[in-house]
Every structure is written in structure tokens, then in C-alpha cells.
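Subject: Structure handover

Hello,

Here is the structure I promised to pass on. Please open it alongside these notes.

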Amino acid sequence: MKNLPHYLALLGILTFGTVLRFWHLDLKPLWMDEVITTLFSLGRSYNDIPLNIAFSLNYLEPIFTLKPGVTCPQIAHTVATQSTHPPLFFCLMYQWLKAINFDLLHSLTWKLRALPALAGVATIAAIYCLNRIAFSAAAGLTGAAIMAVSPFAVYLSQEARHYTLPMLLITLALLGFIQIQQDLSRQQQPSPFVWFFWIATNSISFYVHYFSIIAFIAQVITLITQKTEGRRQNVESRNKKRKIRGENTQCRNRNTENNLPISGLSTSPCIRVSPSPHSAFLLSSNIPLLLLPFAFCIPGMMTLIRYSSQGETDWLKLANPIAPLYQTLAGWLIFYIALPIEKQSLWIQIPAALLMIIFAGWLGRYLWLNVGQICSCYQTQETAKMLVSFIIIALIFFLIIVYILNKDITLAPRYNYVYFPALCALLGASCIKNNQIKLEQHKYTYSLFIILLVGILSSVFVTSNLAFQKPYHPHKAVKDMSLNSAIPLLVAVGYNNFQDVALGLSFALELRKVYPHSTPGVYLAFLQRNSLDTAPPISGYDTVWQSLSKLRDLPAGPLNLWVVGAGLGRPDYPLKLSLSDRSSKSYKMQRVCNIDLARYHTVGVSYQLYRCY
């Protein structure tokens, strides 16, 4: 019963974190990457989508329905040929959708995002366990509370993507990593269960997201370097102790010869005993176990090397060598604060940006001072240094990928999930101070209160779609497109690769929400503008204009044509386009489509209205 308040507090943190992650879970529309997740998780592929023809919106109904009888190897084959991601998450998602097939209760969007949200809740519990083992039970609560209200963690949890699951697995791997470190420091052989747990979590996480290998390598390097450093310090400590004993012996001999008292003779000072050489020997004997996950990762690593040269990763090419530095800082900023800045008026953006910078400065100073203290505290120094080393090594690998492999992964803050759990653990531990006087303890309680309050407010902005907004907004575009439901509608999307197709499908899913299932006059057309592999961003639209004139099975009479053109500006759209006329049996007659200059819009991607007669 003594620990009841502690576990009630943990239950409250988990409950609150769950509410934040499931609140407004399906408010935001599925965007491009989530549509890709949807297709593969339903057992479908891009081959199920009709290309270069016009088809009714109703045709999408079976595409976004779970395909029965699909196996994980089949999903893995589809993902390997049509994506750049490992297959395990999509296999798990297929089984998840199969298990919760209750169509009357929740939308497909809710079901897709529920699994990442649950993984996000589990990560809160994992951070608690990590900090409890690494530092203390109180540090476990503070770390879990910080993870629960982090806007970054809430944002990842509300996406139908594979980021919260590897973040959970990395947190669990760090749990095993710290347990191994503590066993070695106590000159004990880690148990087989701990080794199995650590190897399994690292190996599985790699097949959920490839960047998880950065976390694994950082753990291995940290363990080896820390134990090597510990052995060096141990040698220095022994030499220093021998020197002091030698000086004391000489002094004692002189005092004895001179008949002087020796009671005031200084003894050896208090020297921190570094890890025993036996712990380094234990680590050396366990090197094969440390490197074992590499063997499980080799097939995936070969696939990753092949993917790195594909066109789907061209958006990560390094354009500005300075950009990764401030993009990394911006990625750290949004870990704990995210105010409405994107697509807001200046009178909102400026104060919000200033508040974020001020808070970041305060939190950065707080972390610098307090993490330094827990790194110097006898009880926590080794564990804290291991986590700090893990973060630094992970960041070094990020820089290697950016500047040597020429892939600017700092463009996407979501990739910071690799070291985010370790940072949360350190921040949680820094908010707990042992043996502090009353005034100082109030100071740390006040700091934790500020961090949690800012996190809660930021998470509310995230769940309300006011922060972490997507590059484009299909729901706003569809609102513009549905201006007159009495006239048939054709949405034509020029595509260069499958990502453009997924973007068009996000528009189609929003159209399905606006137009009833019985509406016959809504059509889609995905028209290829270049090869699927390489092409300049805005080239090839002449092919799209020609393909429009050859479309069949469109309704006769007036028609509203919306052309979605990624990269096109207002002047890039021609003043007139042609569509085939269904009233002509030979389909050789053409309808003229005149541009409506007042109906050009952009929401990250441009779309232009043509009125066809």
C-alpha cells in the first residue's frame, strides 16, 4: 500500500497520454504518406489503381477495403517493389485492421492511426521502466509525464506511419542497454534473458524502420567506448593510489627515524573507484552477442543501400550545407513546444515564434546545467553519461548521412525519433533531485510544472491541426472543388511517380466524404507526365494536356475540370484545354475547356479550374 500513490500517478500519466493521442484522432485527413500506408496495409498495391484513364469515384471503394487472404510475404514483396520502407509495420497493420474490422464504429482513418497511437502510449510506459532502472522510480514518473505531453510524441502517435513503433522498440532496447551496462559495472554477467531482449528489440526495430540501425550502432559504440574509458580510468586510479601510498610510506619512515608522531599523517584521499578491469573483460567476452543483431540486419541493409539510390529519396538531396544545422535545432525545438506558426497571420506567427525561442533557450540552459549535475553525481553518473554518449553518437551518424551520403534527413523532424527517447529520459531524470533543501526542491517542481504545462498546450494545438501541419491540405482543396454539385466533376492529377498518385488519392478520399456514394458525376484521372523514375519537377505537362483530350467515358454536357499540378504556378496552366465529347459516337469531337482565372488555388500543391462545354 505504501507505493499505491506512486502507481496511481503512473496510471494517471498513462491515461492522460492516451487521451491526448486518441483525441481528434481522425480529425486530420489522410495525407500522401498515410495513403501509401493505407494501400499496403490493406493488402493492396499501386497496381490496383487505374492510371491514364478516367474512372468514377465509386471505383475507389473496393481499393480502400481490406483484401482478404493476404500474407506477410505478399505484403513484403509489394513493399519491396513499390516502396523504400521495411515491411514489418505494414504486416502488423494488416493484422490489426483484420482484427478490428468494426466498420460501424470508426472510420478507416481512425483504425489506421489507432495502432501508432497505442504504440505511443506503450512508449510512455517504456520510458517509465527505463528511467526507473536507470535512475529512480521518481525519475520514471517524470520521464513518462514528459513523454506523455510531448507534442512531438503526440504528433507521431496521430499519424498512420511507422515511427512510434520503432521509437517504442528503441526505448525498450535502451532499457536492455542500461541493464547490460549496470550488470557489467557490478562485474556480473548479464542474464541470457537480458541479452535476448536487447538483441530482439534492436533486430525487430530495423525491420520497422531502417534508421533504427543508427540507434543500435550508437548503443554498441557507447558500451565499448565507455568500458574502454572505464578501464583506462581504473589504471590511472590504481597508479595514483600507489603513488599516494608510496609517499605516505616514505613520510612514515622519516617520522619514525626522527621519532616524530605519525598520528597526523594524511591517509589516501577518497578516490572514485572506476569500473573493475573484470567488467571490461566481461564486455570483451560478450562482443559476439553485441554484434549479433548485425547478422539479422544484413538482408535489410542490402535493401537499404539499393533504396538510397532510387528517385523516391531525391527529395532528401542536400541543397544548402548550412540548412541541416538550423533544421536540427528546429527539430529539437518542437520536441517540447509547438505553437501555431504554420500558415498563420503575422500577428500570430511573430509572438508564437518568440515564445518558442524563449522557452527553448530556458529549457536548453536547464538541460545543460542539470544533465551536467546528474552526470557528475556518483549514483547516476555512469548511466547518464551512457545516454548522453548515445545521443551524441546518433547525431554524428545523422551528420554522416547528411554530408557524406548527401541525404538531408534533417528536412523531416520525424526521423529524430531515433534519439528522442534518450533525451526524454535525461530530461525526466534532471527534474528529480535527491537530498535537496526545501527551496531547491520547489524550484525543480516549478520547472517540471512549466515543461508539462507547455507540453499539454502544444499537444492540444497538434491534435487540433494547428501545429505540425502537412505541406498540403486536401480537405481545403476539396472544399474549393465542390463549388457546384449539380455539374459533373473531373479531377485530373498529373503524376511523375507513385508519390504523386498517393497525393491524388488523398484528394479522392476527401471527395468521398463530400459527395455521397450515390453521386455518379465525380471522376478521377491520373495522367502520367514523365517516366516514373526521373524527371524535372514541373516538366512533362504537355503530355498531360494531350492525354486529357483522349479520355473516354466522361459524361456529356458541361463539366468542371480541376487540374492538380504539382509544381505548376498560375502562368503554367494553359488558357484552353480539350476533352473528348461523349455526344460524338467516334469520340473525335472535342469539348473546349476554358480556364477560370478566378479559380486558381494552392495548398502546397496547385489546382486550377477549367469549365468545359
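My notes on the fold, the cores, the surface and the salt bridges follow.

**Ground rules**

This is a predicted model, in which local features need pLDDT of at least 70, side-chain atom pairs count only at pLDDT 80 or more, and totals for chains, interfaces and linings use all residues. Residues are numbered from 1 along each chain as its sequence is written, and side-chain values use heavy atoms, with hydrogens and water left out.

**Overall**

The protein chain has 21 helices and seven strands. These are DSSP runs, numbered from the N terminus: H or I of at least four residues for helices, E of at least two for strands. Of the 613 residues, 51% are buried. Buried means under 20% relative accessible area, exposed means over 50%, and partly exposed lies in between (1.4 Å probe, protein chains only). The accessible surface comes to about 27,900 Å². Carbon and sulfur atoms account for 65% of that surface. Areas come from the Shrake-Rupley method with a 1.4 Å probe; for residues, only the protein chains shown count as cover. Among contacts (heavy atoms within 4.5 Å) between residues at least 6 apart in sequence, 77% join residues at least 24 apart.

**Cores**

The largest nonpolar core has 95 residues. Phe135, Trp198, Tyr336 and Phe420 have the most contacts inside it. Helix 16 gives the largest share of this core, 10 residues. Another core, of 63 residues, lies apart from it and includes Ile36, Val70, Phe90 and Ala477. A nonpolar core here is a set of buried Ala, Val, Leu, Ile, Met, Phe, Trp, Tyr and Cys residues joined through side-chain atoms within 4.5 Å. As background, nonpolar side chains in soluble globular proteins tend to be buried together.

Look at Tyr336. Leaving out residues up to four places away in sequence, Tyr336 touches Ile146, Pro151, Phe359, Leu363, Phe420, Leu423, Cys424, Leu427, Val454, Gly455 and Ser458. Two of those names come up again in helix 15: Phe359 and Leu363 are among its buried residues. Helix 15 (residues 346–376) has 31 residues. From first C-alpha to last, helix 15 reaches 45 Å, close to the 45 Å expected at 1.5 Å a residue. The expected span is 1.5 Å times one less than the number of residues.

**Surface patch**

Which residues form a nonpolar patch on the surface? They are Ile322, Leu325, Tyr326, Ile392, Ile396, Leu399, Ile400, Tyr403, Ile404 and Leu405, with about 960 Å² of accessible area together. Helix 14 (323–333) and helix 16 (381–403) each give two or more residues to the patch. The largest share, five residues, comes from helix 16. Leu405 sits in the loop between helix 16 and helix 17 (420–430). Leu405 is exposed, at 53% relative accessible area. Patch residues have over 30% relative accessible area and no salt bridge; like charges are joined within 9 Å, nonpolar side chains (Val, Leu, Ile, Met, Phe, Trp, Tyr) within 5 Å.

**Salt bridges**

The whole structure has eight salt bridges. The criterion is a side-chain nitrogen of Lys or Arg within 4 Å of a carboxyl oxygen of Asp or Glu.

- Arg512 and Glu61 meet at 3.6 Å, N to O. Arg512 is in helix 20 (residues 498–514) and Glu61 in helix 3 (residues 60–63), so the pair ties together parts 451 residues apart in sequence. Arg512 is buried at 15%, while Glu61 is partly exposed at 38%.
- Lys513 and Glu510 have their closest N and O atoms 2.9 Å apart. They are three residues apart in helix 20, which means about one helical turn between them. Lys513 is exposed at 53%, whereas Glu510 is buried at 9%.
- Arg611 and Asp596 come to 3.0 Å between the closest N and O atoms. This pair links strand 7 (residues 606–612) with strand 6 (residues 590–602), 15 residues apart. Arg611 is partly exposed at 23%; Asp596 is buried at 16%.

**Two buried sites**

Asp33 is in helix 2 (residues 32–41). Asp33 is buried, at 9% relative accessibility. Beyond four places in sequence, Asp33 touches Arg161 and Arg414.

Gly504 is in helix 20 and is buried at 2%. The C-alpha atoms of Gly504 and Ala525 are 9.1 Å apart, across 21 residues of chain.

Best wishes
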